[in-house]
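Subject: Structure for you to look at

Hello,

Here is the structure I said I would pass on. My notes on what I found follow below it.

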Amino acid sequence: MTTFDRLSVRLRALSPGTVDLLVVAVVGWVTGLDAAANEPGYRQADWFTWLLLVVSLLALVWRRRWPVAVAVVTGAGCAGWALYGHIGELLNLPVLVALYTVAVRGDRRRTLWTGLVASLTSGGVALWVGSEVVNPQGLPVLEMLWPVVPLLLGEVVRMRRELLDEYAARAARAEEEREREAARRVREERVRIARELHDVVAHTVTAMTVQAGVALDAFDAQPETARAAVRQVRHSGKAVLRELRATVGVLRDAEGEPVEPVPGIGQLADLVGRFADGDVEISLRQEGADDGVPSVAGLAVYRIVQEALTNVVKHSGARHASVSVARRDGVLAVEVVDDGRPVEMTTGGFGLIGMRERAVAAGGRIDCGPLSGGGFRVRAELPVGDGGVWR
């Protein structure tokens, strides 16, 4: 770190009032030395000289609050020295500091107007006293240029500060946006995990309960049926363990550990089999929905059928239910129909909401409602490419 950098750090650590007093002290010392040693043959320092210096220095104390007014006062003091007959190289130092403050604490429009007025005033004063000083050639032009220098410096400093502030504001906004996006993703992931666990556990346990009930009823009279139901319970238990392991594996994201495939249309027959052999007779029909179905759509179909069949078994009191999946014109349609009572009247959970969220997440739509002749229907349509559009 250079000496200038260390000095800048120390100055920034000081309060604005302390800095202003230091500036006034330095300007007063330098300007006072120049005023006290005037050129021979010209007016020497007297009470009026020191009065102008004191007024200029007192005005500089308020340069942050009223920069334009301070520039006018110090400019008048500088012009007063010139008109009074003082010749010095540093007598304009107070007005230089004031003009710098006007630019650094203002805007471009104010800087331009201040520069114009200061240049014209300085040129006019130079013309007025030019015939009485040594070597007057070109003096008015030079005198019109020096007020522009502190204004340009102040403009550069102000623009740099504004640029740094803008960078800092952008960085803060970007950080806030990243935090909001991270929070949104966390919320979405929590909802997704909760939905997956609900689908994996609740629906499979429901199917296992149905099979256990079948085994209990047929244990004495139909032992083979009971054994088949128990085997189905065991199979369902293994299936739910596999899905739970896959879900936990995704959460852990452990490298090198195999993850079970995402359930899809290919597992619908096995899913229907878990709910079969109970009080509800369930049929499955698939048309053209075996190949090329995106995993998102396949998982949505699987979960919608799973939720619909759970509602049928637990709430509807139906005797028959049918599941159909068909693919036509780039649209995959899945429909679950039963002959029981409407589930909307019997369940207060999140089943129907979950199915709707599944369909929307896959870019599709879903309709759920009672049928005119009795029963309940769930129908979802999901786009699967091939030019599928909603009509």
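E155 touches A103, D107, R108 and T111, leaving out residues up to four places away in sequence. With R108 there is also a polar contact of 3.5 Å between the two side chains. E155 sits in helix α8, which covers residues 148–218. Its relative accessible area is 9%, so E155 counts as buried, the cut-off being under 20%. Please keep in mind that this is a predicted model.

The largest nonpolar core has 34 residues, and V301 and V305 touch the most other members. Elements that each supply at least two residues include helices α10 (268–275) and α12 (351–361) and strands β2 (320–328), β3 (331–338), β4 (365–370) and β5 (376–383). Helix α11 (295–316) is also on that list, and α11 gives the most, with nine residues. Beyond its neighbours within four places in sequence, V305 is in contact with L268, L271, V323, V334 and V336. Another core lies apart from this one; it has 22 residues, among them L53, V70, L91 and V102. In soluble globular proteins, nonpolar side chains tend to be buried together.

Just after α4, G85 takes a positive phi of about 110°.

Regards

Notes. Residues numbered from 1 in each chain as written. Predicted model: local features only at pLDDT ≥ 70, side-chain atom pairs only at ≥ 80, totals over all residues. Heavy atoms only, no water. Helix = DSSP H or I, 4+ residues; strand = E, 2+ residues; numbered from the N terminus. Buried < 20%, exposed > 50% of the residue type's maximum accessible area, 1.4 Å probe, protein only. Polar contact = N/O pair within 3.5 Å; in protein donor to acceptor, adjacent residues only side chain to side chain. Contact = heavy atoms within 4.5 Å. Core = buried A, V, L, I, M, F, W, Y, C linked by side-chain atoms within 4.5 Å.
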